[in-house]
Amino acid sequence: MEAAAAPAPALLDAFFAGPRHHQLRPAAGAVAGCRSARLQAQPCRAAARFARADWQAACAILASNSGGSGSGSTSPDAASDGRQPAPRVNGQKPPPAPAPALEAAPAPAELDLVPVSNLPRPLSISDLSPAPMHGSQLRVAYQGVPGAYSEAAAAKAYPGCDAIPCDQFEVAFQAVELWIADRAVLPVENSLGGSIHRNYDLLLRHRLHIVGEVQLPVHHCLLALPGVRRELLTRVISHPQALAQCELTLNAMGLNVAREAFDDTAGAAEHVAAGGLRDTAAIASARAAELYGLQVLADGIQDDAGNVTRFVMLAREPIIPRTDRPFKTSIVFAHDADGTSILFKVLSAFAFRDISLTKIESRPHRHRPIRLVDDANVGTAKHFEYMFYIDFQASMADVRAQNALAEIQEFTSFLRVLGSYPMDMTPWEAAPSSWSSRVDNSSSSRQH
């Protein structure tokens, strides 16, 4: 029988390129009588040790062949014909030598080889972003610092998640796109301040999908350093939305002081605490006061107790729409045709199928903001071009929604589904009454 040839060095390098090797073994659930046992690949330390021994033996064979006639056999006459004996790999003892020859055999060479287990393992996609498994934390990116309302929305949507703060909304989008985070939480509208237009533009610019929504009651507090009295304040800082939502209450409190915009509410509280600003107060949440060691000068200073912010959750992949629970679908479209009848046609497509719309938002077309129409009699008319955002209460698994979008696609130049996701149906928690309403009630009671 012909002796097996020694493996080529390139083949060895390719096979033993990393410390982890796989072996095939029958699955634990295999039962007797099956036609063929199912095999599964599983990393095994024993297999790694076995592969290391084979690798060292193969290296020894290659080294012994390099100094002789090229034969793969190790005959007892190796010393007599001038060939080198098998080298000692990593200090291991060579196999027992045959009967002593007439001439003294040369000493075996020493080969100090790097163990296979110490070689680096190539990175895989699981190293960059391991998929969330059962019991592991979901990584959720949000704009702001700890104590922001977006962090509270992330905790409500994904309890026990690993919240990742980002300094900008754009960074939160990129964190999901680059597999740094699994989800992103984005505020899109407030019951008092209206829509957050910047985030609608980001939804169109990026390719993430809306996979859920959360409606979070907003409870603003006036925060300052411990020991600071309200009459000593000369400035109030917070997010522009928070300042607008508390404007009437601040006037009712007699705080006719300067009001400056900040990146976010919790960031304003952190700025007051870090700078030791005793003449400045911040509008933020009660959790921000706990995190940054501030005292609450006034609780619930929003103008309306029904102050609610709607957040959407974003992911790299859409979810599968269902019909067994209430769903909402968000779309954006544009048109090239002249006239304004296009919006009427879109609304008719939903009304004809009894689909309720929950939101309509228009934003200027960034790539073509103005459309010019020349008329020889009256001159040139300038029309603004818009992108339209619509939310409607129906799942993409519903035939009515599919037919409505198919009809809309016929007379629009651009149509994109941002996401079809379950509606937030959590029970409404009654928010505490606002500071201004408590003042009005107390004053009216004194009058009576």
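Both faces of strand β16 are covered, since Phe327, Thr329, Ile331 and Phe333 on one side and Lys328, Ser330, Val332 and Ala334 on the other are all buried, where buried means under 20% relative accessible area, exposed over 50% and partly exposed in between, with a 1.4 Å probe and protein chains only. The model is predicted, so that local features need pLDDT of at least 70 and side-chain atom pairs count only at pLDDT 80 or more, while totals for chains, interfaces and linings use all residues. Residues are numbered from 1 along each chain as its sequence is written, and side-chain values use heavy atoms, with hydrogens and water left out.

- β16 and β21 run antiparallel and are joined by 8 bridges, and two strands pair if DSSP finds at least two bridges between them.
- Within this pairing, alanine 334 has phenylalanine 414 in β21 as its bridge partner.
- β16 also runs antiparallel to β20, with 5 bridges joining the two, and phenylalanine 333 has phenylalanine 388 of β20 as its bridge partner.

**The largest cavity**

- There is 1 cavity of 30 Å³ or more, a cavity being a set of points on a 1 Å grid over the protein atoms alone where a 1.4 Å probe fits but cannot get out, and a lining residue being one with an atom within 4 Å of a point.
- The largest cavity holds about 70 Å³ of space, with grid points joined across faces, edges and corners and the volume taken as the space filled by probe spheres set on the points.
- Its lining has 14 residues, and Tyr200, Leu203, Ile210, Ser330 and Asp391 lie nearest the centre.
- Two or more lining residues come from each of α6 (197–205), β15 (308–315), β16 (327–334), β20 (386–392) and β21 (414–422), and β20 gives the largest share, 3 residues.
- By class the lining of the largest cavity has 10 nonpolar, 1 polar and 3 charged residues, where Ala, Val, Leu, Ile, Met, Phe, Trp, Tyr, Cys and Pro count as nonpolar, Asp, Glu, Lys and Arg as charged, and the others, Gly among them, as polar.
- The largest cavity lies between domain 1 (135–218 + 307–317) and domain 3 (319–428), because both give residues to its lining; the domain bounds come from an automatic or database domain assignment.

**The second largest pocket**

- About 360 Å³ of space lies in the second largest pocket, a pocket being an open set of points with protein on both sides within 12 Å along at least five of seven lines.
- This pocket is lined by 20 residues, and those closest to its centre are Tyr149, Pro187, Ile196, His239 and Gln241.
- The lining of the second largest pocket comprises 8 nonpolar, 9 polar and 3 charged residues, with α7 giving the most, 3 residues.
- Domain 1 (135–218 + 307–317) and domain 2 (220–304) each give at least three residues to this lining.

**Single residues**

- Alanine 274 lies in helix α9 (residues 265–275) and is exposed, with a relative accessible area of 68%.
- Cysteine 161 counts as buried at 17% relative accessibility, and cysteine 166 is buried at 5%.
- The structure holds 0 disulfides, a disulfide being a pair of cysteine sulfur atoms within 2.5 Å.

Key
Helix = DSSP H or I, 4+ residues; strand = E, 2+ residues; numbered from the N terminus.
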